[in-house]
Amino acid sequence: MKLLITTTFLVAFGSVFAQKSENLLPKDAVSVFSIDNVNLLQKISLDDLVKYEFMEEVQQELFDGSTSGKTLKDAGIDFEQRINFFQGSGKRFRVTGFTFGIENRDQLFEVFDDFHAIESDYSGVDFYESYFNRIAIRGNSAVLFRVQGHSDHVEHVTDSIWYARGNDYPWYEYQYDEMILESLQPEDAVFDGNETIENTNSPSENNLPQADEDPTQKTYYELRDSVELDYHLHCVKRLCDELFLRNESLMLEDERFAEQLTHSADGIFYLDLERSVGNERDMKFLYTYYPNFSVKSEELYAGSIVLGDMKILDNAIELDLDVEYGEKLGPIYNELTDTKFDKHVLKYIHKDNNAYFTQNVNLRKAYEEAYDVVMPILSNSERSIAASAIMIELMDALVDKDAVFGVYQGSMFGAYNGLQTVKTKKIIFDYDEETFEYSEIEVEAEEDMPVFVMGFTTKRGDVPEKVLNRLSKIYSKMTNMEDYWLLEDVLLGAAPMYFIIKNDLFIMTNDMDLATNHPNGYGSEAIGKREAKKARKSGALYGHVDAGKALQNLPRGIFSDYENEMIDVIRGKSGTMEVTSTKSVETSTSFKLAYQFEGEYENSGTYFLDLINSLYVVTK
Amino acid sequence: MKHLFSLLVIGLLFSMTSCLEIIDDLSLNGDGSGMFKYTVNMSSSKVKINSYLALDSLDGKKVPSISEITNHIDELIDELCTQEGISNVTFDSDYNNFVFKLKLDFASIDELEEAIKAIVRKRSKGRVDQELDHEWLTYSESSLNRSIPRMNFERTNNLKADEIADLKKGMYTSITRFESEVASFDNESAIVAKNKKAVMVRANPYSLIRQTNLLDNTIYLEESAENE
C-alpha cells in the first residue's frame, strides 16, 4: 500500500512538474502562438519555416544553409511538446523567440550550428550563444530568444555619460560655422569657376562626434556601442533571472494564458492588449509630454486581451477569437454593436461575388458612451489636452448629432466582384499613306478592372443627394442620371464611378451594370437566403471570401515572389474563408475565422502556419 | 537612337508590360542634319499603369511616383540639351493618357548618335560599354544604315506568359524620312510611303526582343539631279 501511494505520488508529481516548453515563455511575452499539434509540422521544411514573418527576428542565423533540406523532425525537436512562438516588448527592450521540446540535442545543434556552448550561471540550465540569439535548455525544453534594447533608451544612457564627461553636443555641424563665415565675406569675393570645392556633404571622419583630442577616449559611436552591449547583457540577465532563478514565466504570471492552454485545440493564440498598447512606440512620445493623459489612456485597455483557439478539421482550419475588454472599453463596444442589421445591403451583393463583408455598428450609441468615458480623461490631463476637451464639448453642444449620425451611422458593406472589362478611351495614331505623317485620335477601348461596390446605411440620404446634385451642376464630369449619379474618368484616370442613393443606402461602385440595370438591388441575382442569413445573424462583422475566385484574379505583380508562392498554393483550388462575430456583450466580442479548402493538399500544416503568420502580421 | 528605346522604354517594358506603342521617327535632310521624334503611347493600358502607380512596390521593386518619373525625364532632357549638335529639344508628357513625345533637331547623324551614347554611357555606369562601340546609324549621301542595340535583352528570358501576351499586342514603328526619294531598301518588312520619301518598318515589341535585327534596314536613295 505504501509503495502504491509512493508510486502514485511520484507519477502525479512527475506529470505536474514535467518540463514543458510553455514554462519557458518569458513573462514579457505580449503575444504567443502556441502549436500543440506539432506532429502536423513534422514535414514542414525549416527553409519554409524561417521564411514566415513571425520567424523574422530569429531567422537570420537559422537561414544560413544549415537548415537546407531539413525538416523540424530532422532538427531533434520533441513533438510531444508544444512549439510556442512569442514576442514581447517591455518599456526598454524587445524580446522575441520560440520555446520547444528537445528530443535529440545533437541533431538540434547540427541544424543550429552557429550556436556554441557558454558558461551558465543558472543551475540545471545549459546556454548556447550565437551572434544575436541565445538558446537556454532546461531538462528537455528550450527557449531560443533574442533580446534587443530599445535604441532610444540606449541613446538616452549614452547621452548622459557623454555629457557627464564634459563633451559638447555630439551632432553639431561645424560646417554651419563655415557657412556663417562665408556669408560674412565681402560681396566682391566672387566664386572662381576654376576653383575646386571640397565636398563636405559626403560622410567623413570630420562629421563624427569626437570625445576630445585624446585617442584613448571613446567617440560618441564607440560609447554608444559599449552602452548597447552592456545593456543587452543586462536585459538577457534580467530575462534569465526571471525564468531560471525566480521561476517567473507567462504561464505563472497570467492565468488567462495558462487557462487557454488547457483548451483542446491544435494551437492557441494570446495577445495582451493592455501591455501591447502600453508598449507601443508611439506611446513613448505621449508618455514624455503628456504623462497623465498617457496613463489614463492606457487604463482604458486594462484587462483587455485577445485569446484564440485554432483547430484543424478535415479540409478546414478554424480560429475562434475572444476579444475581452476591461470595464471601461467594454460598454463602448457593447453600445457599438447594439443595432439591427440593415437587410437592404444584401440586395446589392451579387451572388457571383468574389468576396464581401458587412459591418453592423451603431456609432451614435458608441459615441455617447465613449464621450462619457473619454471626456473625464481629457479634462483631467495636461493643460493642452484639457483645452482640446473644450472644443469637443463645444462640438457636442453645437453640432446636430442627429444629422451627423443620420448621414453615417456606421453600418456598411463592400463586395469585390472580380475583374470585369470596362469601357475606357485610348489614343491611337492614324498614318497618312502618302507621307507616313501621323495624328492622334481618341477612340473607345476596353480594359480589365477590379469591380467593387461599397456602401453605408444612411437615414439622411437627402444630405449626400444635395451634394451630388450641386456637384453635377458645377462639375462637367458629374451627371445626374436620375437613378444614379455618374462621375466620368475618375477611377485610375479612365473608368467611371457611379453613386446610388436608394433604400436608405449610399452606394459607390464602378459596376455599370449595377448602376444602370439594378439601382434598387440585384433582386434574384443577389446572394442566396442561406448566405444572407449568415450575414444577418453575425454580430458586428461578417466576411466571406471565395478564395479560389478572389485569389485567381489578383494581379501577381503586386505581391512578392514569396507571397505569390503562398498564394499559388491556393490559386486554382476552390475554398472559402468566412469571418463571423457575435454581438459584443459587456466583457467581450467573439470572432470566428473558418478557412475551408477543397481538393488534395500536400500538407495542411502550411495552412496552419499561414494563419499564424497572418495573425502575427496583424498584431505585431 | 534605338538605344534611347532601350534606355527609356525597355525599363517600362519589364516593369509594366502593358500594351505599348512606340514611334521612332527620323527625318533626314540632304546635308545630314535633321529632326528626331520619339513617341511612347501607353494609353491603352492607362488603367493598369495607374493601378501600378498606386502601389508602393511591384515585383519587389519600388514603383516611382509621377513626380519622380518627371524629375528623371527632366534630367535626361537637360542632358540632351547640353549635347553638341543637338538643339530645339522639347518633351511633351500627357500623364492622363500616358503619351510621351520627344522631339529634337540634330546637326548630323553622328552627333545625334554620340549625344545618345554620351547619356547612355553616363547612366549605364559601364554596363553597356561594349555595345556603345557599335554604330547604330551610318549615313552617306546615298544611303542610311540603321540597326538596334543588343544590350539588356537577356533580361527578357524571364518574361511570364501574360507579359509576353501584352508585349505581342504592342507595336514599334520606325519611320525614316528623306528629302529625296527612296530607291530601295534591304528590310523586306519595310514599306515605302506613296510620296516615296519615307520608309516604315513595324514590329511588335516581343518579336523585337526575340529578334533584335527586325528593324535593321539599309535605305538607298535616288541619285539627286545635282549629283548627276
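Is Gly303(A) buried, exposed or partly exposed, and how many other C-beta atoms lie within 10 Å?

Mentor: Before anything else, keep in mind that this is a predicted model. Now to your glycine. Gly303(A) is partly exposed, because there are 17 other C-beta atoms within 10 Å, and a residue needs 20 or more to be buried, or 12 or fewer to be exposed.

Where does the residue sit? Look in chain A for the loop between α12 (291-300) and β10 (305-313), and you'll find Gly303(A) there. Leaving out residues up to four places away in sequence, Gly303(A) touches Glu274(A), Gly326(A) and Glu327(A). Another pair to look at is Gly303(A) with Lys328(A): they are 25 residues apart along the sequence, and their C-alpha atoms are 9.4 Å apart in space.

The crossing of α13(A) past α14(A) is right-handed. If you want to find the touching residues, α13(A) brings Pro331(A), Ile332(A), Glu335(A) and Leu336(A), while α14(A) brings Lys365(A), Ala366(A), Glu369(A), Ala370(A) and Val373(A). Sorted by class, this contact has six nonpolar and three charged residues, with no polar ones.

Chain A has another helix pair worth a visit. Helix α5 (residues 151-164) and helix α7 (residues 220-245) of chain A have axes that come within 9 Å and cross at roughly 125°. On the α5(A) side, the contact is made by Val154(A), Glu155(A), Val157(A), Thr158(A), Ile161(A) and Trp162(A). Facing them from α7(A) are Tyr220(A), Leu223(A), Arg224(A), Val227(A), Glu228(A) and Tyr231(A). The contact of these two helices has eight nonpolar, one polar and three charged residues.

Zooming out, what does the whole of chain A look like? The chain has 620 residues, of which 33% count as buried. Its secondary structure comes to 22 helices and 21 strands. Take the contacts in chain A with a separation of 6 or more: 72% of them are between residues 24 or more positions apart.

When you take the contacts in chain B between residues at least 6 apart in sequence, 65% join residues at least 24 apart.

As background, most residues other than glycine have a negative phi. Asn88(B) is not a glycine, yet has a positive phi of about 50°. You'll find Asn88(B) in strand β5 (residues 86-94) of chain B, and this residue counts as exposed because there are 10 C-beta neighbours inside 10 Å. The other one is Phe98(B), where phi is positive as well, near 60°. Phe98(B) lies in the loop between β5 and β6 (99-106) of chain B. With 25 C-beta neighbours inside 10 Å, Phe98(B) counts as buried.

And how do the chains meet? The contact takes 20 residues from chain A and 22 residues from chain B. On the side of chain B that touches chain A, the elements giving two or more residues are α2 (46-53) and β12 (198-203). The largest share of that side comes from α2(B), with five residues. By class, the side of chain B that touches chain A has nine nonpolar, nine polar and four charged residues.

Last, a word on confidence. The predictor gives the complex an ipTM of 0.84 and a pTM of 0.67. Chain B averages a pLDDT of 80, and 80% of the residues score at least 70. Have a look at residues 1-17 of chain B, though: pLDDT stays under 50 there, and the model has 39 contacts beyond four places in sequence for that stretch.

Definitions and conventions: Residues numbered from 1 in each chain as written. Chains lettered and ligands numbered in written order. Predicted model: local features only at pLDDT ≥ 70, side-chain atom pairs only at ≥ 80, totals over all residues. Contact = placed C-beta atoms within 7 Å. Helix = DSSP H or I, 4+ residues; strand = E, 2+ residues; numbered from the N terminus. Nonpolar A, V, L, I, M, F, W, Y, C, P; charged D, E, K, R; others polar. Axes fitted to C-alpha atoms, helices over the stretch in contact; angles between N-to-C directions. pLDDT = per-residue confidence, 0-100. Left-handed = near helix turned anticlockwise from the far one by under 90°.
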